[in-house]
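Biologist: Hello! Could you walk me through some side-chain contacts, step by step?

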Amino acid sequence: MRKKATLPSVIAFIVALVGILSFFIPYASLQDENHRDSLNEFGEMEVVDDVDMTLGDMVDPSLFTLTKIYVQGVDSIWNGDEAAYIVGGIYGAIGVFAVLAALFALARRPILMLLSDLIMFGAFWFGKIFAEESGVMASYIAPRDWSMGYYLYYPVAAILVICAMWMLVAKRMNKKALN
């Protein structure tokens, strides 16, 4: 009877791996080809000394890159504003809770997986709102479009919720079958 919970667990694990992968693939992309070409021309040049990031990383930044920008660049980029730690922590939480969702899927813990998924998506949603409101996406200098890393989080979150519910129903059915 344990096999009924295996399929949703495997699906959830694979989908959570997509969520982890999405943390490292481009989240946003430059629209302007001229600006893109000029950044690529100086691609290996560091932006600032204390941030492990090059100009080439700014063409199509991932959530991982954005996390580094906000956490490492507090003093040099954000002039010591501690709010950058909070924003970087929120971007980083997306990846951390995607990893936790994958681990809970393997452990067949649907409630913990659902909780991790909801926190991951909440952090993703807050990061999206921050990127739109702070001008990261709609900069006059370098306007950006959302990229694949952004669009994958919607189906990842939805499928993880469905799999968690499926796992809960399968567990309940297993308990009824044993009684």
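Modeller: Gladly! Buried means under 20% relative accessible area, exposed over 50%, and partly exposed in between (1.4 Å probe, protein chains only). This is a predicted model, where local features need pLDDT of at least 70, side-chain atom pairs count only at pLDDT 80 or more, and totals for chains, interfaces and linings use all residues. Residues are numbered from 1 along each chain as its sequence is written, and side-chain values use heavy atoms, leaving out hydrogens and water.

Biologist: Is Glu-132 buried, partly exposed or exposed?

Modeller: Its relative accessibility is 35%. That value lies between the 20% and 50% limits, so Glu-132 is partly exposed.

Biologist: Which residue meets Glu-132 in a salt bridge?

Modeller: Side chains of opposite charge can pair when their charged atoms come close. A salt bridge needs a side-chain nitrogen of Lys or Arg within 4 Å of a carboxyl oxygen of Asp or Glu. Here the N to O distance is 3.1 Å, and the partner is Lys-128.

Biologist: Over which ring does the charged end of Lys-128 sit?

Modeller: The rule asks for NZ of Lys or CZ of Arg within 6 Å of the ring centre and within 35 degrees of the ring normal. The charged end of Lys-128 is 4.6 Å from the centre of the ring it sits over, that of Trp-125.

Biologist: How many aromatic pairs does the structure hold?

Modeller: Rings of Phe, Tyr and Trp (its six-membered ring) pair if their centres lie within 6.5 Å; planes under 30 degrees apart count as stacked, over 60 as edge-to-face and the rest as tilted. By this rule, the total is 19.
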